[in-house]
Amino acid sequence: MAVSPEANQPMLVPHLVVDDAAAALDFYAKAFGAEEMARLPGPGGKLMHAAFQINGSMVFLNDDFPEFNDGKSTTPTALGGSPVTLHLHGRDVDGRFQRALDAGATVVNPLEDQFWGDRYGVVRDPFGHQWSLAETVREVDFAEMTANMGSEG
């Protein structure tokens with residue numbers, strides 16, 4: 001069968017590793033309105049691969065398989081956290097932030113108006129990944145932003 005042109009469209013996709021990918025899919029649907037696109041079961045009931053979309057962007061997900069990674073777990077919990085934050089930008093950030101909390105996320109940074117013009121906050125999902133949520137609430141030019149940056153903190 002010939003490969004369709006869509007099969008090789010350029011993309012950059014975050015790929016999350018978690019313990020209990022099936023539960024993570026449920027959480028992301030409740031917390032962020034994720035739409036599941038694919039689920040590929042693997043050995044022992046774990047998920048080898050899953051794909052979902054949030055805000056029209058693709059995210060990949062799988063259960064932790066240390067046996068395929070030099071015997072090392074790569075979940076945020078096993079690594080003591082993650083240096084990566086996934087950013088969700090859009091309208092009604094207060095509602096979206098509360099929805100994430102109601103689904104089981106915890107606050108890392110409370111939702112507040114920021115000097116750069118966004119209402120912004122960060123949550124950690126039950127699987128250890130951090131998500132920042134934001135909505136632009138006022139336009140700020142670069143000069144004002146840099147001046148305000150020095151007065152923060």
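User: What makes up this chain, in terms of helices and strands?

Analyst: This is a predicted model, and its chain has four helices and eight strands. Going along the sequence, you'd read the pattern as β-α-β-β-β-α-β-α-β-β-β-α. The C-alpha atoms fill a box of roughly 55 × 40 × 30 Å along the principal axes.

User: Which strands make up the open sheet that has β1 in it, and in what order?

Analyst: That open sheet has four strands in the order β1-β4-β3-β2, and the pairing is mixed.

User: Why do β1 and β2 count as standing at the edges?

Analyst: β1 (15–18) and β2 (35–41) each have a single partner strand, so one side of each is left without a neighbour in the sheet. On average, neighbouring strands here are turned by 20° against each other, ignoring direction.

User: How do you know that β1 and β4 pair?

Analyst: Two strands pair if there are at least two bridges between them. β1 and β4 are joined by four bridges, so they pass, and they run parallel. One spot to look at is Val-17, which stands opposite Asn-62 in β4.

User: What lies across this sheet, and at what angle to β3?

Analyst: Helix α1 (residues 21–32) does: it lies across β1, β2, β3 and β4, and runs at about 5° to β3.

User: Why is Tyr-28 called buried?

Analyst: Buried means under 20% relative accessible area. Tyr-28 has 0%, so it is buried.

User: What does Tyr-28 touch?

Analyst: Leaving out residues up to four places away in sequence, the contacts of Tyr-28 include Leu-16, Val-18, Phe-52, Leu-61, Phe-127 and Trp-131. Take Phe-52: Tyr-28 and Phe-52 are 24 residues apart in sequence, and their C-alpha atoms are 8.9 Å apart in space.

User: How do you know that Tyr-28 and Phe-52 are in contact, with C-alpha atoms 8.9 Å apart?

Analyst: Contact means heavy atoms within 4.5 Å, whereas the 8.9 Å runs from C-alpha to C-alpha. Phe-52 is among the residues Tyr-28 touches, so the pair has heavy atoms within 4.5 Å.

User: What about the other sheet: what is its strand order?

Analyst: It's an open sheet of four strands, ordered β5-β8-β7-β6, with mixed pairing.

User: What makes β5 and β6 edge strands?

Analyst: β5 (85–89) and β6 (106–113) each pair on one side only. Neighbouring strands in this sheet are turned by 15° against each other on average, with direction ignored.

User: How do you know that β6 and β7 pair, and in which sense?

Analyst: The cut-off is at least two bridges. β6 and β7 (residues 118–124) have five bridges, so they count as paired, in the antiparallel sense. Along this pairing, Glu-112 stands opposite Tyr-120, and Asn-109 has Val-122 as its bridge partner. The two strands form a hairpin with four residues between them, and Gly-117 in the turn has a positive phi of about 105°.

User: Which helix lies across that sheet?

Analyst: Helix α3 (residues 93–103) lies across β5, β6, β7 and β8 (130–136), running at about 170° to β6.

User: What makes the phi of Asn-55 worth a look?

Analyst: Most residues other than glycine have a negative phi. Asn-55 isn't glycine, yet its phi is near 55°, a positive value. You'll find Asn-55 in the loop between β3 (47–54) and β4 (57–63). Asp-70 also has a positive phi, about 55°, although it is not a glycine. Asp-70 sits in the loop between β4 and α2 (76–79).

User: Why is Asn-55 called exposed? And why does Asp-70 count as exposed?

Analyst: Exposed means over 50% relative accessible area. Asn-55 has 52%, so it is exposed. Asp-70 has 72%, so Asp-70 counts as exposed too.

User: And for the whole chain, what share of the residues is buried?

Analyst: Of the 153 residues, 33% are buried. The chain exposes about 9,200 Å², with carbon and sulfur atoms supplying 53% of it.

User: How many charged side chains are there, positive and negative?

Analyst: There are 10 positive and 22 negative side chains, and the centres of the two sets lie 3 Å apart.

Methods. Residues are numbered from 1 along each chain as its sequence is written. This is a predicted model: local features need pLDDT of at least 70, side-chain atom pairs count only at pLDDT 80 or more; totals for chains, interfaces and linings use all residues. Side-chain values use heavy atoms; hydrogens and water are left out. Buried means under 20% relative accessible area, exposed over 50%, partly exposed in between (1.4 Å probe, protein chains only). Accessible areas come from the Shrake-Rupley method with a 1.4 Å probe; for residues, only the protein chains shown count as cover. Lys and Arg count as positive and Asp and Glu as negative; His and the chain ends are not counted. The place of a charge is taken as NZ of Lys, CZ of Arg, CG of Asp or CD of Glu. Axes are lines fitted to C-alpha atoms, for helices over the stretch in contact, and angles run from 0 to 180 degrees between N-to-C directions.
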